[in-house]
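Work through these exercises with the sequence and the 3D view side by side. Try each task before reading its solution.

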Amino acid sequence: MSNEEARPDELVCTGADAAGVEIMTPREVPLGGPRAMTVRRTLPQRERSLIGAWCFLDHYGPDPVAESGGMSVAPHPHTGLQTVSWLFEGEIEHRDSAGNHAMVRPGEVNLMTAGRGISHSEVSTDVTTTLHGAQLWVALPDASRDADPGFEHYAPAELVGDGWRGRVFLGTLLGDTSPVATYSPLLGAELVLDPGVILPLETDPSFEHGVLVDRGSVTVDGLTAKPADLAYVPPGDGTIALIAGDEGARVLVLGGTPFGEAIVMWWNFVGRSHDEVAGFREEWQAQITSDGAVIEDSSEVADGRFGVVTGDHLRPIPAPALPNARLKERR
């Protein structure tokens, strides 16, 4: 997913120490024009930019496509990150400049590695009446951020326990391990809890975690999170206690070792300095413009760092203007 804000925040993101569980509330961000989808953005925030290597979290829906027009995100670039797409309802068609064409469906993860540079598009399909899910980004560590672009799809088996169900799409939880490769230690799982269920999770004590509430409410180590909240849990003793509210709950559990590196994140780029990010922007604009105007058909985009999205004809998304000031460090 592209960050389609006209004036995206200029951020240098790092982790932040925490004494205990914190509840992070989202802000609403419209994607596109007057009939646009609105997403709830929980990461990054000024108080906390990363959870492990997770650096961006948009949570959206249930969105009636007949009213909003659904998702139509034209070709746009990424660097220095992996995108993780997870759906609860609907279907999205993914195309990218590495030649990958895949469908995003509920309970199946699509992970795209941007590495040194990739471009892709995401469009909800004609059969989709409701769109509901999460789009997440993972920052790549410095040693791996120039990796080759790539793509993985995985449909995890459903795990079933006493009053709960789950799917582990990254890392290890509840005795199940995802085969999907990541460049830093990560966890990603969906859990559905029946009303009042208590589920103690055994976790890696070196991880920090985030519990995103999609529906219902859940108490996380004694602090209650409501729909769209993200409960942050610092590294600890290797256990997280979840207690579902009276209506039950559906949550995403995210985790990873504290990232330990500062990143400059602006628009769809993750870099390490203002000049690097500005350079990525210039390269994208050079690929998608001709005589100063954005090319109307993405199949006519010039090749370069970000390639050309295979089989897509939507007008590519131009980059916003950089801020007047240099992208500055914020910790």
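**Exercise 1.** In which loop is Asp221 found?

Solution. Note that this is a predicted model. Asp221 sits in the loop between strand 20 (208-220) and strand 21 (223-225). Now check its backbone. Phi of Asp221 is near 50°, a positive value in a residue other than glycine. Then check its surface. The relative accessible area of Asp221 is 36%. Buried requires under 20% and exposed over 50%, so Asp221 counts as partly exposed.

**Exercise 2.** Which residues touch the most other members of the largest nonpolar core?

Solution. This core has 37 residues. Trp54, Cys55, Val84 and Leu170 touch the most other members. Next, trace the core to its elements. Strands giving two or more residues include strand 5 (54-64), strand 7 (81-89), strand 12 (130-139) and strand 23 (239-256). Strand 12 gives the largest share, five residues. Leaving aside neighbours within four places in sequence, its contacts include Leu43, Val84, Leu136, Trp137, Leu170 and Leu254. Finally, look for another core. A second, separate one has 27 residues, among them Val73, Leu87, Ile288 and Val294. In soluble globular proteins, nonpolar side chains tend to be buried together.

**Exercise 3.** Describe the cover and the pairing of strand 12.

Solution. Start with cover. Nine of the 10 residues in strand 12 are buried, which leaves the strand mostly covered. Then count bridges. Strand 5 and strand 12 run antiparallel and are joined by eight bridges. Strand 7 and strand 12 also run antiparallel, again with eight bridges. Last, pick out residue pairs. Phe56 has Trp137 in strand 12 as its bridge partner. Gly133 in strand 12 stands opposite Leu87.

Technical notes
Residues numbered from 1 in each chain as written. Predicted model: local features only at pLDDT ≥ 70, side-chain atom pairs only at ≥ 80, totals over all residues. Heavy atoms only, no water. Core = buried A, V, L, I, M, F, W, Y, C linked by side-chain atoms within 4.5 Å. Buried < 20%, exposed > 50% of the residue type's maximum accessible area, 1.4 Å probe, protein only. Helix = DSSP H or I, 4+ residues; strand = E, 2+ residues; numbered from the N terminus. Contact = heavy atoms within 4.5 Å. Pairing = 2+ DSSP bridges.
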